[in-house]
Amino acid sequence: MVSKRIIPCLDVRNGRVVKGVNFEGVKDMADPVEMARWYNETGADELVFYDITASFEGRTIFTDILRAVASEIFIPLTVGGGINSLEDFDRVLKCGADKVSVNSGAIRDPALIGAAARRYGDQCVVLSMDVKRVDGRFRVFAKGGREDTGIDALEWARRGEALGAGEIVLNSIDTDGVRGGFDMEMLRAIGEIVKIPLIASGGAGKMEDFSELFEYDRIDAGLAAGIFHTKKVDIRELKRYLDGCGLNMRMEN
Amino acid sequence: MIAIIDYGVGNLYSLSSSLKFLGLDCRISNKKEDLQRADKIVLPGVGAFGDAMKKLVETGLADTVREQAQRKPLLGICLGMQLLFERSLEYGEHEGLSLIKGVVSPLAADIRAGLKVPHMGWNRLEIVKDDPIFKYFRNGESVYYVHSFYAKDCAESTLGVSEYDIKVTGLVRSGYVYGSQFHPEKSGAAGLRLLRAFAEI
């Protein structure tokens with residue numbers, strides 16, 4: 001059967017990885033290519049790169065980085081950030097991305113999901129959702145979690161799946177950065193209404209958070225940034241631990 | 001030189017990068033002469049079977065592939081692997097290259113309801129028949145799949161399978177012709193080792 005995935009997420013701004021970067025034993029602590037190499041060696045099942053630059057120059061640097069990573073790291077790569085059109089899909093796929101993640105761009109123009117799925121296949125389109133509780137409901141936020149769209153998260157997940165998204169990354173703004181565990185309540189709410197793979201993001205603080213996450217069998221992958229970047233959690237050890245918990249993990253060597 | 005056939009189907013960046021990473025001389029090409037000159041050929045592909053086969057025929061490359069497959073090792077990857085079979089039942093019925101006996105069928109019809117299609121992600125490859133392509137590969141290592149159709153009725157050519165309710169055909173061989181349903185160029189170190197072994201055949 002398909003194994004559960006552990007995915008480090010690299011936020012890149014002007015060619016550097018930002019957010020919780022405190023790497024030891026790696027030459028350049030914020031060089032995305034160095035970090036990608038490290039994660040590949042330590043058993044990451046997939047890498048996610050988010051382009052958080054807005055400028056044209058930043059974008060060019062980002063695609064150069066992507067190309068450099070894809071020329072020496074041979075695991076699935078997902079790319080997001082600033083994806084607003086089919087041209088954006090094309091640009092990153094040509095640089096070696098396997099999947100493209102849409103967020104604000106799809107909120108502005110939901111038809112983008114369907115158009116991309118028809119051209120590149122469902123498996124290529126990842127719907128990334130930043131969700132926060134507002135008045136006891138789960139609400140979708142745009143622009144990196146800064147803007148309340150007023151859209152109900154359950155509706156949006158259902159709609160994204162119907163439009164052709166191949167998987168969903170659910171990032172809980174409420175638990176993001178808190179490191180107190182994943183937002184199981186939110187994940188279950190979405191997990192019960194969609195069939196496509198669900199990737200959990202936001203809140204991982206320790207290895208046990210991942211075993212708790214995967215107790216809910218609708219979850220396909222756990223995504224995190226800070227705890228991996230700071231080496232608080234080592235992916236090799238994490239996978240060994242989860243394997244020991246009886247979960248199906250991809251083990252190397 | 002390893003020729004990667006470029007017939008306008010899919011993105012060849014990772015595939016060519018993986019061969020270069022292994023220090024292999026490779027060329028992305030749609031020219032007959034390059035396929036004739038090559039020591040080995042890789043037939044990639046993503047998308048729909050019918051469209052891909054049509055492109056191979058229209059470019060005249062289908063005949064070259066059939067002819068060269070009698071003389072040198074060829075590796076079909078993902079849809080490129082499916083094209084090696086006699087026919088496919090993907091949206092109608094389409095004829096394939098007929099280099100390997102078998103038929104390409106929808107996974108959904110043969111696996112239990114509720115299991116996701118596409119079969120996507122890391123899955124263990126179990127060796128069912130030993131072969132030089134497994135020279136650097138250990139039984140049960142994981143490889144990366146993304147597909148909704150699979151090859152069946154091909155037991156005699158099957159080298160490796162992955163369990164997804166049924167035994168999904170992962171790696172096949174008939175004579176010089178190899179096919180992998182998974183993406184070796186996205187299967188980490190294990191995938192690179194399969195490519196290295198293929199290059200040494």
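**Ground rules**

I number residues from 1 along each chain as its sequence is written, and chains are lettered from A, with ligands numbered from 1, in the order in which they are written. Since I'm reading a predicted model, local features need pLDDT of at least 70 and side-chain atom pairs count only at pLDDT 80 or more, while totals for chains, interfaces and linings use all residues.

**Entry 1**

I started with the strands. Helices (H or I, at least four residues) and strands (E, at least two) are DSSP runs, numbered from the N terminus. I count two strands as paired if DSSP finds at least two bridges between them.

I traced an open sheet of eight strands in chain B, in the order β2-β1-β3-β4-β14-β13-β12-β9, with mixed pairing. Its edge strands are β2 (26-29) and β9 (126-127), and each pairs on one side only.

Then I checked both ends. Strand β1 (residues 2-5) of chain B is joined to β2(B) by four bridges, and the two run parallel. Here B:Ile4 stands opposite B:Ile28. To get from β1(B) to β2(B) the chain passes through α1(B), a right-handed β-α-β crossover. Right-handed means that, with the strands pointing away from the viewer, the path from the first strand over the helix to the second runs clockwise.

At the other end, β9(B) has two bridges to β12 (residues 158-164) of chain B, and these strands run antiparallel. I found B:Val161 in β12(B) as the bridge partner of B:Glu126.

**Entry 1: a four-stranded sheet**

Chain B also has an open sheet of four strands, β6-β5-β7-β11, again with mixed pairing. β6 and β11 of chain B have a single partner strand each, so one side of each is left without a neighbour in the sheet. I looked inside too: strand β5 (residues 85-88) of chain B runs parallel to β7(B), with three bridges between them. One pair to find is B:Ser88 with its bridge partner B:Val104 in β7(B).

**Entry 2: helix α6 of chain B**

How far does α6(B) reach from its first C-alpha to its last? I got 19 Å for the 13 residues of this helix (188-200), close to the 18 Å expected at 1.5 Å a residue. The expected span is 1.5 Å times one less than the number of residues.

Next I asked which of its residues are buried. Buried means that 20 or more other C-beta atoms lie within 10 Å of a residue's own, exposed means 12 or fewer, and partly exposed is in between, with C-beta atoms placed from the backbone. B:Gly188, B:Ala190, B:Gly191, B:Arg193, B:Leu194, B:Leu195 and B:Phe198 are buried in α6(B). Their cover includes α1 (13-21), β4 (74-77), β10 (142-147) and β14 (177-180) of chain B.

**Entry 3: nonpolar cores**

A nonpolar core is a set of buried Ala, Val, Leu, Ile, Met, Phe, Trp, Tyr and Cys residues joined through C-beta atoms within 7 Å. The largest one has 80 residues, and A:Leu170 is among those with the most contacts inside it. Apart from that core lies another, of 62 residues, including B:Phe85 and B:Leu194.

**Entry 4: where the chains touch**

Contact here means C-beta atoms, placed from the backbone, within 7 Å. I found 23 residues of chain B in contact with 21 residues of chain A. On the chain B side, α1, β8 (119-124), β10, β12 and α6 give two or more residues. α1(B) gives the most, with five residues. That side divides into 10 nonpolar, nine polar and four charged residues.

Most residues other than glycine have a negative phi, and most peptide bonds are trans. I went looking for exceptions.

- The peptide bond from B:Val117 to B:Pro118 is cis, with omega near 5°, and B:Pro118 is in the loop between β7 (100-106) and β8 of chain B.
- B:Ser98 has a positive phi of about 60° and lies in the loop between β6 (94-95) and β7 of chain B.
- B:Asp153 has phi near 55° and lies in the loop between β11 (149-152) and β12 of chain B.

Methods
Contact = placed C-beta atoms within 7 Å. Nonpolar A, V, L, I, M, F, W, Y, C, P; charged D, E, K, R; others polar.
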